[in-house]
Amino acid sequence: MAAPVLPDFPWDRLTPFKNQAGQHPGGIVDLSVGTPVDPTPELVRQALADASDAPGYPQTFGTPPLREAVAAWFARRRNVPDLDPAGVLPTIGSKELVAWLPTLLGLGPGDVVMHPQVAYPTYDVGARLAGATPLAADGTVQVGPGKNAVKLLWLNSPGNPTGRVLGVEHLRKMVAWARSVGAVVASDECYAELGWDGVEVPSILDPEVCGGSHEGLLAVYSTSKQSNLAGYRAAFVAGDPVLVQRILEIRKHAGMIVPWPVQEALRVALGDDEHVAEQRERYRRRREVVRDWLRAEGFKIDYSEAGLYFWATRDEPCWDTVADLAARGVLVTPGDFYGPSGARHVRVALTVSDERVAQLAARAAGPDGSGGSTRGNLR
Ligand SMILES: Cc1ncc(COP(=O)(O)O)c(C=O)c1O
């Protein structure tokens, strides 16, 4: 079998701009990568430490208390009262699940994996790893007569990079369409706890969306963002127990197991809402500063109702924006990393310390010459 053709890893192209921004006298304000920067909550660290005596192999399926904790979390936080713990499976972060799901579902040549037009790149990678065909499309109309080849439909709400939230009506239509063509729907909801200004973030498993049946549906969730646990790789997939059993069988054979101390940390993290509220509040404060700065810089902000990013444009090629901001010590991500439709946007992350956010605000004022565009009236 030929090795899959994978896209170039795009972040290397940003390195010269990162180096340039780093030379700013006030240091770089790095708003590019969405990696959490705040401490892991003490109660989660304690749970990990308490579980550090782990001589035996862990269960690939996850412990029953963990799967019950996930079901209880869905009932409490996601308006999903009826999740069967048999339809829950921990994953080693959600990125690996995104990358391997088409393979785990047995997809291959001739099968189509549909994902959002502007998207987290791993949906595309996962299709290629399976030998299937990725299709970037937001609407079912774009699929045309090939609709019966679609075997997996990825949704991502709140979206990365756009921060777009899909409402109940939209999700309901996508579920109905996928069911009519026999496709599995996988909904990546890893920013679900980070809705702003009262926006509702429905889950694909919400009875309002799925009509009370989880058949053919999977929700993918991660504690990386809500609990500053990206380093633990603590996530899960949940929904249709039949699909979960299929995925589990292969993962058991392949040794794709979440370490037991991490299973314990995940269980405890999901049982505590307080640390999530605290983290959300930190991001809310930073978000206000970054938003004001973007507006002062003449950006238009699209979507961005939830999640950890602003999707912003000055209606110019994204690399021009990146270059201009890098010259002033600020690093953002070019929108074309997420597909050609992002070519005039940049993604601006909120995963930055309070100290760096204060730097950003100071640069907007710019009386010392550190702020202000290098290009005068271009905007
Ligand atoms: C949309 C989306 N899905 C999945 C992930 C992966 O998260 P993790 O592997 O940390 O669970 C990310 C991380 O940035 C993401 O933005």
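Hi everyone, let's start with the second largest pocket, which has a volume of about 310 Å³. This is a predicted model, where local features need pLDDT of at least 70, side-chain atom pairs count only at pLDDT 80 or more, and totals for chains, interfaces and linings use all residues. Residues are numbered from 1 along each chain as its sequence is written, and side-chain values use heavy atoms, with hydrogens and water left out.

A pocket here is an open set of points on a 1 Å grid over the protein atoms alone, where a 1.4 Å probe fits, with protein on both sides within 12 Å along at least five of seven lines; lining residues have an atom within 4 Å of a point. Volume means the space filled by probe spheres set on the points, which are joined across faces, edges and corners.

Of the 21 residues lining that second pocket, Pro-116, Val-118, Asp-138, Thr-162 and Arg-164 lie nearest its centre.

Now, where does the ligand sit? You'll find the ligand in the largest pocket, meaning that more than half of its atoms lie within 2 Å of the pocket's grid points. That pocket has a volume of about 1200 Å³. Its lining has 45 residues, with Trp-11, Lys-95, Tyr-120, Pro-121 and Thr-122 closest to the centre.

Let's look at polar contacts, pairs of N or O atoms within 3.5 Å. A polar side-chain atom of Ser-224 is 2.6 Å from a ligand oxygen. For Ser-222, a side-chain N or O atom is 2.7 Å from an oxygen of the ligand. Ser-94 instead uses a polar backbone atom, 2.7 Å from a ligand oxygen.

How values were computed: A polar contact is a pair of N or O atoms within 3.5 Å; within protein, one must be able to donate a hydrogen and the other to accept it, and residues adjacent in sequence count only if both atoms are side-chain atoms.
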